[in-house]
Amino acid sequence: MNEIAADRKKTGRTANIAAGKGRRRRLFYGNLELYLLLVPGILFLLLFKYTPLYGVVIAFQDFNIFDGISGSSWVGFEQFRKLVDSDEFLQVFRNTLLISLYKIVLLFPIPIVLALFLNEVSKMWFKRTIQTIVYLPHFLSWVIIAGLFVNILSPSAGLVNEIITALGGKPISFLIDNHWFRSVVVFTAGWKEVGWNAIIFIAAIAGIEQDQYEAAAIDGAGRIKQMIYVTLPGIAPTIVLMFVLRIGSLLDAGTEQILTMYNPVVYETGDVIGTYVYRIGLGKMDYSFSTAVGLFNSVVGFLLVIGGNFLSKKLVKRSIW
Amino acid sequence: MKKKTFGDIALDVFIYLLLLLVAASTLLPFLNVFSKAVSAEWAVVSGKVGLYPIGFQLDTMKFVITSNPFIRSFLVSVGVTVAGTALSMLLTAVTAYPLSKRQLPGIGMIMLLFIFTMLFNGGIIPNYLLMKQLGLINNLWVLVVPSLISVFNLLVIKSYYESLPDSLEESAKMDGACHFTVLFRIILPLSGPVLATIALFYAVSYWNDFFNSMLYISKPSLKPLQLYLRDIVMDADSVSAGMSRSVEDRMNVSPEGVRAATVIASTIPILLVYPYLQKYFIKGVLIGSVKG
């Protein structure tokens, strides 16, 4: 009896699969037009995204532009050995981590506080004006931001140094001083994005149900207590998600930003992986080594994002994609 | 209305003052650089200019925006932004449509192909070598074609299509409309707001890009505005080089002032469209995050 039942189940399943195949085929041929619409997009993807991905193999070669990928000799992990042994790379790696960590520790909490405070403002015109002002720098390119700060921090006639000298201090060349460069990078990054980054938290606060505040008020909680015991827990999942996302880009210490601000004098403190790849690759034409550094960067970044997504699913049951 | 306690008032004062301080520190750099751009040469050079112009003049601004390299790079940027946004929108809006039909065989896999490129890319050198092979170095198309699809934008449009009711399409199909007609006559017109948002995303990223132009464009006549501005900001020499015009022109004009005026002149286009940018960008960020 049992055997027959099992057998029936089996044939039933194969029949299902066959029917499924037929259905899939019908779906495919019935919607050929739709697949046709995908062709330009896929061609774009293959040519401009996957061809460079294949090009990464030169990290395992001693690549020579005249011989191309097929003609250059393979050296295995030689470039990576060079990378691990390079003091210069270690310095760059250290700079990347330091700048990134400073940015996370000092800048990640500010948008949350900003959102909490904006939520306490009852005058709508005031709230809107502040938002309009603090969102603005987000829309400007790093070149413009660098232009603004080069002006302000200029040792000859910049506003900041005028104030320093008026107070009896000596002018500081912020952008060519290794003691100051990282601080300038962290500060300007905050100046540009802190306001904009508050948006996501403002939206999360708007999603908290009003009766939670009423209940807290009945229990005698004042506004500060409501902020700490209602609002903050209410947006905690968003905070965790944003934090995880932020960790995912740990190795991007702000390549574009630093490229617009730095110069050889501050390589010691300001050169990060992204700028180093550019400098070694296109400046010194050391294609293979530069690609190896880039690949290291991509792999670690990829692992961080995957790990972060896993964590965020575990902690707040929300996935990045 | 409940009466405010002393603590409430103190908290309000603290919060309002703090927010004012944040807003002021955002505006301060603009005010200072703007004042430098429109102040007299002697005031700029001696470092007297603070938050308001001293010896107001518009010669420096005029000098900057009438200089040939500025006009040329401004036009390059406008061209790249217009062409790039139009082509990006066409390609992204069309590609997102079949991707929104998740029940079709193979679509899930193709979607993964797109998403993977968000997480992993070839890096600077393989991209550079590809552009070189395609003959795109010092060709303005290099600023458009390789950035045509942003996968993030694609995902936003796709999830919007998915939220549209199926019944619309089905009734159109009953009337014998093909997929193309459905997309262009029904889906796209219904997606107005999200398409406007994404178009602005694209436009701002084309306008603000300097990384790609730094990698692939070295010919001065092809430099977009951001790259031209970078030369001026990074390198005082290029400021003086740009100033080697008639002595008459240079009245009232100092390198510091020129630098400030170039920064301000490059900021103005964004300021002009800022009200739209703010409105649509906030929408876009929220759509993008709800989807997650």
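**Close-up views of a predicted two-chain model**

View 1. Across residues 93-308 of chain A, the chain is 76% helix and 0% strand, with its end C-alpha atoms 21 Å apart; helices (H or I, at least four residues) and strands (E, at least two) are DSSP runs numbered from the N terminus. The model is predicted, so that local features need pLDDT of at least 70 and side-chain atom pairs count only at pLDDT 80 or more, whereas totals for chains, interfaces and linings use all residues. Residues are numbered from 1 along each chain as its sequence is written, and chains are lettered from A and ligands numbered from 1 in the order in which they are written. An unreviewed UniProt entry lists residues 93-308 of chain A as "domain: ABC transmembrane type-1", an annotation that may be inferred rather than shown by experiment. The unreviewed entry also lists "transmembrane region" segments in chain A, including 27-48 and 227-247. Residues 27-48 of chain A are 95% helix, with end C-alpha atoms 30 Å apart, while residues 227-247 of chain A are 100% helix, with end C-alpha atoms 26 Å apart.

**View 2. The largest nonpolar core.** This core has 125 residues, and those with the most contacts inside it include Phe201(A), Ile273(A), Ala37(B) and Leu229(B); a nonpolar core is a set of buried Ala, Val, Leu, Ile, Met, Phe, Trp, Tyr and Cys residues joined through C-beta atoms within 7 Å. Helix H10 (residues 181-206) of chain A contributes the largest share of this core, 12 residues.

**View 3. Packing of helices H4 and H16 of chain A.** The axes of H4(A) (residues 78-85) and H16(A) (residues 287-316) come within 9 Å and cross at roughly 75°, axes being lines fitted to C-alpha atoms, for helices over the stretch in contact, with angles running from 0 to 180 degrees between N-to-C directions. H4(A) and H16(A) are therefore roughly perpendicular to each other, a term that covers angles of 65 to 115 degrees. Among the residues that meet here are Phe80(A) and Leu83(A) in H4(A) and Val293(A) and Phe296(A) in H16(A).

View 4. Arg246(A), placed in helix H12 (residues 223-248) of chain A, is partly exposed, with 16 other C-beta atoms within 10 Å; a residue is buried if 20 or more other C-beta atoms lie within 10 Å of its own, exposed if 12 or fewer, and partly exposed in between. Leaving aside neighbours within four places in sequence, Arg246(A) is in contact with Ile104(A) and Phe108(A), contact requiring C-beta atoms, placed from the backbone, within 7 Å.

Key:
Angles under 35 degrees count as roughly parallel, over 145 as roughly antiparallel, 65 to 115 as roughly perpendicular and the rest as oblique. Two residues are in contact if their C-beta atoms, placed from the backbone, lie within 7 Å.
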